[in-house]
Amino acid sequence: MSLNFNHVTLGQRVLFGSGKAAENLAAEVERLGARTVMVIASAAEEQIARDVAAGIDVALQYDDVAPHVPLDKAEKARAAAAASRVDLLVCVGGGSTTGLAKAIALTSGLPIIAVPTTYAGSEATNVWGLTESSRKTTGTDDRVLPVTVIYDAELTLSLPAELSVASGLNALAHCVDSMWAPRADPINSALAAEGIRALSEGLPAVKADPSGVEGREQALYGAYLSAVAFSSAGSGMHHKICHVLGGAYNLPHAQTHATVLPYVLAFNAPHAPEAAARIAAAFGTADAVTGLNRLRDVLDAPKALKDYGMAEEAIGEAVGLILPVIPASNPKQATAENLTELIRAAYFGTTPGL
Ligand code: NAD
């Protein structure tokens with residue numbers, strides 16, 4: 001079969017090393033010649049941020065971070081950055097914190113150094129998100145892509161095992177969905193397959209020993225690959241479902257991804273044999289769905305949407321919202337009937353693939 005694709009690789013420095021975040025940040029701030037640095041971290045992430053920023057001058061420490069970047073919080077943070085004449089943004093935290101830095105960069109063009117402390121992966125994408133009156137808007141803009149990402153697995157040690165698992169499965173979802181998203185290509189698939197391998201090795205180690213660094217390094221490496229693949233491939237069926245569910249019913253981001261993924265995989269795998277074979281090989285199992293189910297058992301993964309605040313009566317409405325946004329590239333055509341079946345299964349947590 002001939003190869004025929006267009007691929008864009010986003011330009012970004014990635015500095016990866018456990019215990020090295022403070023040293024790497026100081027070197028990057030110097031390399032960029034920044035003088036007025038704004039450090040963004042939520043209250044829960046603030047101590048990590050102070051340790052990471054110990055070697056630099058911080059002009060403004062900012063902690064007014066909220067999930068899904070409410071527009072009023074973004075505007076307040078933009079005003080604070082402008083008032084302090086900030087010339088570099090450093091965000092230390094999960095996807096919500098990275099999201100706030102991106103919101104500032106979107107209107108100011110300020111460079112970002114991202115220091116992630118979860119496996120969300122926002123640091124490696126040029127995607128921004130803002131929420132106004134419970135409606136989340138997302139877009140792509142290269143101004144929001146961090147110029148540098150500093151990964152240090154030690155910074156994730158304080159992330160509780162349960163949240164680590166959910167966040168890691170969110171990263172795994174980026175990989176799986178990248179196999180059939182609208183701009184899927186062989187480069188994205190290669191990165192995604194290696195991401196699945198690293199996450200399926202790292203996450204059980206994190207679960208078994210949350211204080212061990214090696215499992216967290218694998219998980220963080222996998223999370224980065226997943227985000228690079230996702231950023232290039234775009235949102236597939238899985239992300240469209242989770243985006244609607246998260247926005248319409250205020251479900252938690254990582255847990256929603258962790259719950260929905262196996263149902264989308266079981267839905268698409270028989271219609272995407274090459275992708276399914278690649279996913280299975282990355283899991284080291286004979287078939288993809290078995291590989292994911294086994295991993296989820298080991299991790300005691302989130303199982304049912306009903307556990308996260310969704311009401312059963314909302315399923316019909318959710319299907320109506322999701323159906324029109326499923327990409328045409330999806331391997332199996334979604335209908336109101338098969339999508340209702342999928343969402344109901346995810347709602348009740350019935351074993352995926354059976
Ligand atoms: P989050 O950033 O809200 O973090 C979850 C919780 O964990 C928060 O309370 C946070 O304070 C805490 N936390 C973070 N790191 C910690 C640590 N090391 N130790 C202890 N507590 C810690 O959640 P998330 O899952 O990281 O990110 C989700 C958000 O990111 C969503 O809004 C999602 O839409 C966005 N996202 C965006 C992209 C993108 O490309 N733009 C990609 C993925 C996710």
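Val298 touches Pro204 and Lys207, leaving aside residues up to four places away in sequence. Contact here means heavy atoms within 4.5 Å. Val298 has its place in helix 11. Helices (H or I, at least four residues) are DSSP runs, numbered from the N terminus. From Val298 to Asp64 the separation is 234 residues in sequence and 36 Å in space, C-alpha to C-alpha.

This is a predicted model: local features need pLDDT of at least 70, side-chain atom pairs count only at pLDDT 80 or more, and totals for chains, interfaces and linings use all residues. Residues are numbered from 1 along each chain as its sequence is written, and side-chain values use heavy atoms, with hydrogens and water left out.

**Helix packing**

Axes are lines fitted to C-alpha atoms, for helices over the stretch in contact, and angles run from 0 to 180 degrees between N-to-C directions.

| Helix pair | Angle | Axis separation |
|---|---|---|
| Helix 6 (residues 186-208) and helix 11 | about 20° | 9 Å |
| Helix 5 (residues 161-178) and helix 11 (residues 288-299) | about 165° | 11 Å |
| Helix 8 (residues 237-249) and helix 9 (residues 253-268) | about 140° | 9 Å |

Take helix 6 first. At about 20° to helix 11, helix 6 is therefore roughly parallel to helix 11. Angles under 35 degrees count as roughly parallel, over 145 as roughly antiparallel, 65 to 115 as roughly perpendicular and the rest as oblique. The two helices cross in a left-handed way. A crossing is left-handed if the near helix is turned anticlockwise from the far one by less than a right angle, and right-handed if clockwise. Ser200, Leu203, Pro204 and Lys207 of helix 6 meet Leu295, Val298 and Leu299 of helix 11. By class, this contact has five nonpolar, one polar and one charged residues. Ala, Val, Leu, Ile, Met, Phe, Trp, Tyr, Cys and Pro count as nonpolar, Asp, Glu, Lys and Arg as charged, and the others, Gly among them, as polar.

Helix 5 also packs on helix 11, at about 165°. That makes helix 5 roughly antiparallel to helix 11. The crossing is right-handed. Val165, Leu169 and Leu172 of helix 5 make the contact with Leu292, Leu295 and Leu299 of helix 11. Its residues are six nonpolar, no polar and no charged.

Helix 8 passes helix 9 in a right-handed crossing. Residues of helix 8 in the contact include Met237, His238 and Leu245, and those of helix 9 include Val260, Phe267 and Asn268. Eight residues of this contact are nonpolar, five are polar and none is charged.

**Around the ligand**

Of the 21 residues around the ligand, Ser96, Thr117, Thr118, Thr125 and Lys136 come nearest. A residue counts as near if one of its heavy atoms lies within 4 Å. A polar side-chain atom of Lys136 is 2.7 Å from an oxygen atom of the ligand. For Glu45, a side-chain N or O atom is 3.3 Å from a ligand oxygen atom. For Ser158, a side-chain N or O atom lies 2.7 Å from a nitrogen atom of the ligand.

Note on methods: Polar contact = N/O pair within 3.5 Å; in protein donor to acceptor, adjacent residues only side chain to side chain.
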